[in-house]
Each structure stands twice: as structure tokens, then as C-alpha cells.
Amino acid sequence: MEPDDEALKAARAPPQQRRGISYSQPLSRDAASARRAALRNHSLDDEHILPASHSLNYPLHHDPSGMAPMGYHPPLPPHQHHPSASYSSNTRRSAGGVSEGSMTLERAMSEYGGGQGTLPEFVGAGAARASSVRPHPLRETQAGSFLRSLAADPQRRQLWAGAESGIRVWSLDEVFAEWGAGARRGDEESAPFCEGMPAPPALCVVVDRANRLLWTGHKDGRIRSWRMDLDAASTAPAPPAAGAGGDGGSVGGSSHGGGSNNAPVFREALTWQAYGRTPVLSMVVTSYGEIWSGSEGGIIKAWPYDAIAKSLSLSPEERHMAALLVERAYIDLRNHCTVGNVCSLPASDVKYMLVDHSRAKVWTVTSMTFALWDARTRELLKVFGMDGQVESAKLETPVMPEQPMEEEINPNPKAKPSKKDKSQGSLNFFQKSRNALIGAADAVRRVATKGTFVEDNRRTGAVAQVMDGSIWSGCTNGAIIQWDGNGNRVQEFQHHTSSVQCIKALGERVWVGYASGLIQVMDAEGNIIAGWTGHSCPVIRMAIGCSYIYTLAHHGGIRGWPLTSPGPLDDIIRTELSNKELSYTRMEKINIMVGSWNVAQGKASAESLRSWLGSVASDVGLVVVGLQEVEMGAGFLAISAAKETVGLEGSANGQWWIDNIGKALDEGTSFHRVGSRQLAALLIAAWARKSLKPYVGDVEAAAVPCGLGRAIGNKGGVGLRIRVYDRKMCFVSNHFAAHLEAVSRRNADFDHIYRTMAFNKPHGSTASATSVQLHRTVNVNGNQVEEVRPDLAEADMIVFLGDFNYRLYGITYDEARDMVSQRSFDWLREKDQLRAEMKAGKVFQGMREGIIKFPPTYKFQKHQPGLGGYDSGEKKRIPAWCDRVLYRDSRSVSVAECSLECPVVASITSYMACMDVTESDHKPVRCTFSVDIARVDELIRRQEYGEIIESNEKVRSLFQDACFVPDTTVSISEITLENQENVVFKITNKCETSKAAFEILCDGQSTKKDGTKSELLPRASFGFPLWLEVQPAVGLIKPGETVEITLHHEDFYTQEEFVDGIPQNWWCEDTRDKEAVIRINITGSSSTETKTHTINVQHRCPPSSAPPPMMNQPVAAVPPSNVLASEGHSKRSSKKSQSKHREQQQQQQDYPQFGSSEVHDLCRMRCP
């Protein structure tokens, strides 16, 4: 029955305007003890209903570009939570002195809020302030192009990202610019970037500054390189994005008005097939310029730089030969360290690799184990677990040769595979099966030896080297383990319980990114300096460029944080941005209709659906429908519970309702469905008007059963979380416990749903199936490690709808019928259990409901119209308002203006029940909201940020101070090495206040022949030549102190030629008359600004010296013995190394000896 006209008129008086404080964000757990004590005095009648004709066309600030809004990160007022809220010493402010509304806020949020007088999500002085390089894009716009990895080149001021569709690069000089000709949908507010040609997903990226290349490892098993000189690499217009369809174009194109895309893209420089059918999971450039890569099954390959350099020197016409040259030159390190079918390496995926530049070592890391290698000799030094215990060697099945991917090498893809091809495919299948079995065997072995799966819940999630030379590994339980260079555990500490996703270091600072979105800054000893919430989802990668550390979030957003954050620089930028808030604030308005119906296992006619929803759908932009008792029965509920355990949902009845509601809404023409979720008898679905589609996305679903044992879905809640104009809105359809006396159970159902509802990708979502999926951290028992803040608490607006089952109390059936017939709803509301419980602060704390002006919606006899249809059977259930719609927005008081501080303000324009619908014992209800939304124009805000950086003298001065590099001196500039001697030089930090970080690289080597000096040729990433050892090559120097650097020279070093992983030739090369230029880079802790020292290193040998015997004929592979050696064993002398090779050679056959003038070059490699 519709509300009375008199009631509507009485509700039209505009309320007095008051300034409010948003509590749309969660408050701290600090007041857990006070949650039940302070209760809100909640008035249900202060929420006035606006007339249906409420105007929607008041003056708005619209985005003139018409671009879709991206991720929102508002300025930081003193009392408003923000995704980048920080904590450090003395950063939490008191709310004392705030307006009277703050006390109302404390009462309202006592159940899920903070302590009295405080808002724990405050951002105090020193909070970090970010620049959004790429604001949070809608997930639906990123299908097939999610970003996975991140790297930066400070010298060329470039930021690179590996995506599912290839490679992107941003120029750091243009991060405050805008697109000239438009951009792909989802990147309209991103800083301009360039793209590589489409490629399979890039899983790892490595910067090679020496060759000006970016090396990437891909899902198809290929390694690709991309030239950093984009002008030279650009060759063609950008093609449409993978998976973009007709909705978006590539960079430079426009998705608005059909603009074209003429921006050039860049091609790969060199590519080869590294693995047959497994992805390149990890990759590094070693201290000696080699590329090492890891894949599934513990396969590790090394790619000698000489073969890579030769391939890079070939012309584009010789691209195929260049790829073949590198492909066949690999060294299979797993086979290299396997002797007698015994290998210490686990057959687990090599997910991470790390170069220890300080000691010229390489760490290869699986989820549970570490392997330590000598980067120069490629010798396996040690394999150990997360507990630091050395792993024992085990039997290794001979590795079958990998087969290249057929689609890469088959010139005629339509031809039928031959028997040989089928055989090779079978071998590859058995190889992968073998790897899986060995991995399972490793798990069984750990259980047998340790008796529990504890370690499987404590996996390695990140690894990095700190500038003091130590190695840090982050765990999925939030712990961080510190190792020395020999793989010995130093200490373990933990500052957060969420999974560690990435670690980055510069100078004496270390940044750690967590799955919770938290970013922490620590010193080299592991002491925490500060932290802040950088993103609303996991921080999966970090990169340091210039004066910023850039963080990549799971949703694809990229932010840049000053390396000095948090500090005075952030305070100034925050204040200046707040002063310019009006310039980048945009106001939007949307009408939302929410409907709820307990359908009692029935189905509705088209007329009933039109009466309920279709009559008002033309005036709304978003429709959310919740149903209860879609299908019941013990068998159905049991099957649904079983399906939920394996990730399945839905039923035929549920799909019928979705389809028919869609027809009533004219789905496909006026609306499109954005998401749905069914949990047994509960169903929720949402539709958005097509004109609103660019601004609605990131749809996530959740379900919480509250039935028998909190496991059956006859009772519970299903929810959808939707981003609308960059604001999170949550809609939850519920069915609470039945019966008049079960008030406390109903309260407990709400509490359980609110606290435990966790959103994820819904059924039917358009999100990419290959996007990274991250989960909450669990402890050893498989439970969540801590009581994290509820997902619902983070929403800007929440709507609870459904059959709450609260009844009328203290009244008889006949009295209730009389009051209904007299329309004495005011008197009946005083008997409403829900109203009483809300007044007592026991349920729906801080939420609002419109004035009820319709008859109770329960219980009716089916197919009997009018109020005479109330239950008149034997039980004569008392009529009740079981079916309700409650909500909260960003306001802390009844009335507040919409602003960035209070970003979502909703008002009810209609709240009614459809009394003419008779298919169920409940009547459907609907509630229509008029919602004002304040959002940020990220493009304008980023430009304002850039203007502050350029024009504000205080900011410029602070950035200049941050570029401070301590003064240092080097004791020598020329070094001559003779007779394998060690030469020591010193680096002194003359600064008395700051530590100096140093990194030693090699600008290249040259040779002298006939008195002529050759060109200085660097190795990959300025690696050292194989004849030179420098230790330590990375470190920190305390103020006023000195560090000693040792240079060691090998008179002769062994060169080896490999074909398909098998050694073919080896020989010893004379290193006399060679010269290398050593560069020492000195940096501080708050910038990549560098001071450089150079040392010329020369070698002279007596004329009588000659190299030992050398082979130039093919020999059978003789893998070195696998000995778990310590650091001392790894430092072998040149004589011992050559003696070992001579012994191996004599076991095979005699070879002719050659003079020192007949030194062979590895670049003359044969490719049979």
C-alpha cells in the first residue's frame, strides 16, 4: 500500500543544514573493550522522505572531458580517513574540540568504532602524500591487461610495467601531463605512457642500464628485450588492446566519440624461447652480466652474455639467427649440479631470484626453500629451508629435453602432427607430470619429517637485498627473515600480520608492501620508522626512481611516494592540495532503487514484477534486488552447501528470477546486469543503466551463511560491493532467524554478517581470469591471523535489505489487525522489535531507515489480495514489518553537505510495499534513494600536484635537500694487477651525519693488441668481466668511517661453449693486456642522485707466462660434483680450478696444446 499523501507532505520540510563528519571508514580496534559500552541513541524518525519529484538537476561540476572516473584518493582533512592514512610516532590526533557532531559519531560507531574522543584513522603530521601515476582503474576495463610487475630506470627517468598484454613505460618527466588525443578506456586519468607490441603476460622485468634494455620474462616461456630509447624503438601505430573489443583503443586513441589512435608503439629488440611450455617466473642479471631465469619444476637456466652480445649485434634481418644463437647457448644449472641422479634442488617453481651484488652470488627461491649460487662459477653452494637448515640431496630423475612450443616453430600450423611430434608432446607431458609428482613428494617428506603442514602456511612471498649487504625475505604470515650473505639466519621480526608482497631498499631505508595495502618504512636493522595505508588492496610491486618510490597495487593503480615520506614535504603538499580542492572536486548525482522480497519458493508473474520494480525503474540508474527463500528443502540446502565448498553457486530457480527481473527492467536495452550472488535460498543481483556503465565497476560478491552451524544458507546474507563514481557501495540481502522470541539470534546474525562478510570476484564477472588472486593471511591452523576490520566498514554507503524477521511484541493478533485497519502505523512502530533493538544500540548501529507508512508485510495467505489476506489460520501469526531496507552513507549526523570529506550523501525519495502482489506470504518492498557523490578528478589533481612541486619554493627546497649525497673519497684511481694478487682500496665517508651507500659496477673492458686499445664494451647491467672479483660491491658506510674493497684477478679463466645445455668446448683465456673501468656510485637514502668515482684496473703478465692446455673439440658433458660448500669453499684459486679441468679433460682424451696467442673467443660459437 502506498504511503499517505499527508505523510509525504509532512516529510518534505527541508532539514537544517549542519556540517557532518564522515564515518564511512572503519575506526580502530583500540576501543574493542568499549564497543558494547557506548551505545547510540538512534532516532528512526529524523530521516525525512523526499518527494518523488525531488529535483535532480541542481548545478553540478561535471568533468568537461567526459572521461570515466578512476581511483579516488581525497585530500586529508584532520578528521577524515583516507586510503593513505599513516602512522608514526605522535601522528594520531585527538578529536577534542571538534563540533558537537563528533560526540554523535562516537555513539553511532561505538560497536565498530574507536575510543572516546579519537578517530583512529586520523592522518596526522608527517603522513605520506602520493602522486597517482595511474589512478585505480575499473577492473572491467582491464580484462587482459592487468599490470603484474614494475621496474624503474632513474638515469633515463622511466617507469616500466609488465602487463598481461605486454609492456608499458611512463616517462617520469611527463607524469603530470595529460593525454593529447585520448586514451584507452580505464586509463583516461593515467599519466601518458607508451606501449610495446602486444605480447603474452610479462611475469618479471629486469632493467639492463648498460645495454639500455628492459628484459622481460613471459608466460609463453619467452624472454624478450625492449629498447629504452623509445624513439628508435617506435615502429608502428598501436593496435587495439587485447580483450578491449570495441570499447577501447590503445594509447593515443580515444574511447570517447570514436577517436582514432596514432600513437607509436615499440617493438621487442631480441627474443628467444627460453622454456618449451612453462612460463618464465623469475629472472635476474648477475654480477657478471649473465641472465639467469627460473621456471616451473625447479628449472634454472643461465644465458652467457657473450652469446647475448653477439645476438644483439646482428641486424634485424638476422633476427631468427640471433634468437637461435641464444636459445642453444643456455646452461641448465639443474643438470649442472646433478651428479649420479642426485640433486639438492627441490623440484618446485622458482618464483623469485635475487642477485647478491655485494658478494657476486645468486639466490633462487621457491615457496619453501632457498638455493645459493656462485655467480661467477655457477657453482651451487647451498640449499636450505626457511628455518635455515640445509636441505639434503635426493634422487633426481634424468631431465628430459624440453620441446619448443609448437605454435612458435611449426611453419605449417594446419598440418597434422607427425608421430615424432606426438612423441615429443608426450615426453613434455610426462616431464610436467614428473615435476608435479616430485613437488607432491617434497610436501609429503616435509610432513613426515616435521609432522605438520605449519611451514606450508609460512611461505616466502618476497626477497630483496638491503644496502648493508643482508638479504631480507618476507613471509605470507607477515614475518621478515634477515639472512647474511652465506645463507645463515640472522634474525626474524614481524611488524604486521598481513602477507609480505614486496620489499625494496635504498640507502639505509627499506620499504615493505603488504597484502593489506600497508606500506612500512624500516631501517637496515629492521626497526620500523613509519607506515601508512598506501592502497585499498595488496601492494604487489615496488620500484625506486628519482626521488620517489612507486608502488603497484593489485587493482593496477600506481602511486609515487616521496622517499622522505612521511615528513614535512608531505605536510606542505597536503595543505596546498587542500587549498585547491574545489578545482578537482566533481559532484555527481544518481538515483538507486533497492528491492527486497521473500518469495517463499514461488515465482512471480510479469505483472507483479512490473508493479514491484518496473514502474519506477525508468527514473533510476542502479537497481539492486534481494530475494529470500528462492528455493528451500533440506536436500537442496545440503547440496548448495557442498557446492559452496568447491566454489560453485546458483540454481535453476535463482537463474529464473534473474532472467525475469532482467526482462522487467528491459535488460539489454536500458539496463545491463553488473553482478549477482546466490547462497542457497538467498539471492542478490544488480543492474546499472547503460549510460552509467563507464562509471560502475569493480563488482565483488560475498556470502555469509547463518543457518545450522553457520554453514547452511537458508539464513544468512549475500552482498555485492560496487564502485560507483569511485565510491564503494555495498548492498547486502539478508534473512535472519525466525520466530518472535529469537531477537538475540537475529542481532547475532547481523553481527556475524557484518564482521565476516569478505568480498571477492562474483559469478559472471568480466574481470580477467588470469588476474592475480590474493587471499587473506591465515595462520598455521588455517584461520585468519587477526580480526581485521570488516570489509563493510570500508564502504562509503551500505544498504541492508531483506527479511530481517523482527516482529511486533507486546500486542495480540487482533490488536495488530485493528491497528492496521485503522492505519495507526505510528502506534505499531512503538511495538517494533527492530526499532527497540536499534534504539538500544544492539543492532544496525549507526544506520537509518525511512519512516514506515505502509502496512506490515508479513504474514499473508498466498493469492489473497488486500489487508484481509493476513494469516487467519490456526497459528494466526501477528502481522509484522519483517521486510526492511536500512542504510548508512558518509554522514555522521542526520544532515551534512556532500563534499570530499563526506563523499556520499543519500536521501530517501520513496519507501513502500507493493501490497497488490500476492504470490508469497510476504509483500515485496522497495526503497528509492537520491544519492549525491563527491569525487576527485584525478587528472586535475595530478596537475595541481605537479604545479605545487614546480612552483612552491619550500617544496623545491625540500626536494633539493633530499638529493643530498654524502661526500666520499676513494684511496686510488689506477690499479695494476699482477700475479693473481689481491689489491685493496678504501672508500671513506667524510659526512659526519649521514650514511653513504655505495655500489661498484664495471663500465666495460677493453683489450690491447698490437699497441691498439679496443673499444670499452660493457656487459649486461654493467657486470664485471669473468676475470675480476670485487668484494664487497655493495654496502653502507657509517658517518666518518671507511670501508675496504678487495679486487682479485684471475690470470686465466675458463670459457665454456654450451649447445642445448650441454658443454661442447671449454678453454682458458689469457687476460693480460686487458683493462676495465670500475665505477663507484655513491647515493644517499632519500634520492637516486649519484656521485661517481672511477678506477682504471689494468693487468700485466710476465712475457713467459702461458695458459694451461685448452680444448677445442667436442666432449661429453661431465657435470661438476654437487658439494654443499660454505663461503670458504666457494673461493677457489685459479690453479685449483684449472687443475680440476685438466683432470676432467685427461679422463676423456688428450688434446693438443696451443700457445697463448691462440686464445679463442666465445663469440665464435657454432650453432649446429
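Biologist: In which strand does G595 lie?

Modeller: G595 is part of β34, which covers residues 585-598. Strands here are DSSP runs of E at least two residues long, while helices are runs of H or I with at least four, both numbered from the N terminus. Bear in mind that this is a predicted model, where local features need pLDDT of at least 70, side-chain atom pairs count only at pLDDT 80 or more, and totals for chains, interfaces and linings use all residues. Residues are numbered from 1 along each chain as its sequence is written, and side-chain values use heavy atoms, leaving out hydrogens and water.

Biologist: Fine. Why is G595 called buried?

Modeller: Buried means under 20% relative accessible area, exposed means over 50%, and partly exposed is in between (1.4 Å probe, protein chains only). G595 has 1%, so it counts as buried.

Biologist: And which residues is G595 in contact with, leaving aside neighbours within four places in sequence?

Modeller: Contact means heavy atoms within 4.5 Å. By that test G595 touches W612, V624, V625, G626, L801, V925 and R926. There's also Y911, 316 residues away along the chain, whose C-alpha atom is 9.8 Å from that of G595.

Biologist: Take a loop residue, then. What makes T141 buried rather than exposed?

Modeller: Its relative accessible area is 11%, so T141 falls in the buried class. T141 sits in the loop between β2 (131-134) and β3 (147-153). Beyond its neighbours within four places in sequence, T141 contacts R185 and G186.

Biologist: What makes the pair T141 and Q142 a polar contact?

Modeller: A polar contact is a pair of N or O atoms within 3.5 Å; within protein, one must be able to donate a hydrogen and the other to accept it, and residues adjacent in sequence count only if both atoms are side-chain atoms. For T141 and Q142 the contact is side chain to side chain at 2.9 Å, and that passes.

Biologist: What makes β18 and β19 a pair?

Modeller: Five bridges, in the antiparallel sense, join β18 to β19 (residues 361-365). Among the bridge partners are V355 with V362 and M353 with T364. In the hairpin, four residues lie between these strands, and A360 has a positive phi near 55°. On its other flank, β19 has five antiparallel bridges to β20 (residues 369-374), and three residues link the two in a hairpin.

Biologist: Why do you call β19 largely enclosed?

Modeller: Because five of its five residues are buried. Side chains in a regular strand alternate between the two faces of the sheet. In β19, K361, W363 and V365 are buried on one side, and V362 and T364 on the other.

Biologist: Which sheet does β2 belong to?

Modeller: An open antiparallel one, ordered β2-β33-β32-β31. β2 and β31 (539-545) are the edge strands, pairing on one side only. α18 packs on this sheet, touching β2, β32 and β33, and its direction makes about 130° with that of β2. For such angles, axes are lines fitted to C-alpha atoms, for helices over the stretch in contact, with values from 0 to 180 degrees between N-to-C directions.

Biologist: How do you know that the span of α18 agrees with its number of residues?

Modeller: The expected span is 1.5 Å times one less than the number of residues. For the 14 residues of α18 (938-951) that gives 20 Å, and the end C-alpha atoms are 20 Å apart, so the two agree.

Biologist: What caps the N-terminal end of α18?

Modeller: D937 does: one of its side-chain oxygens is 3.2 Å from the backbone nitrogen of L939. L939 is one of the buried residues of α18, which also include Y945 and I948.

Technical notes
Pairing = 2+ DSSP bridges.
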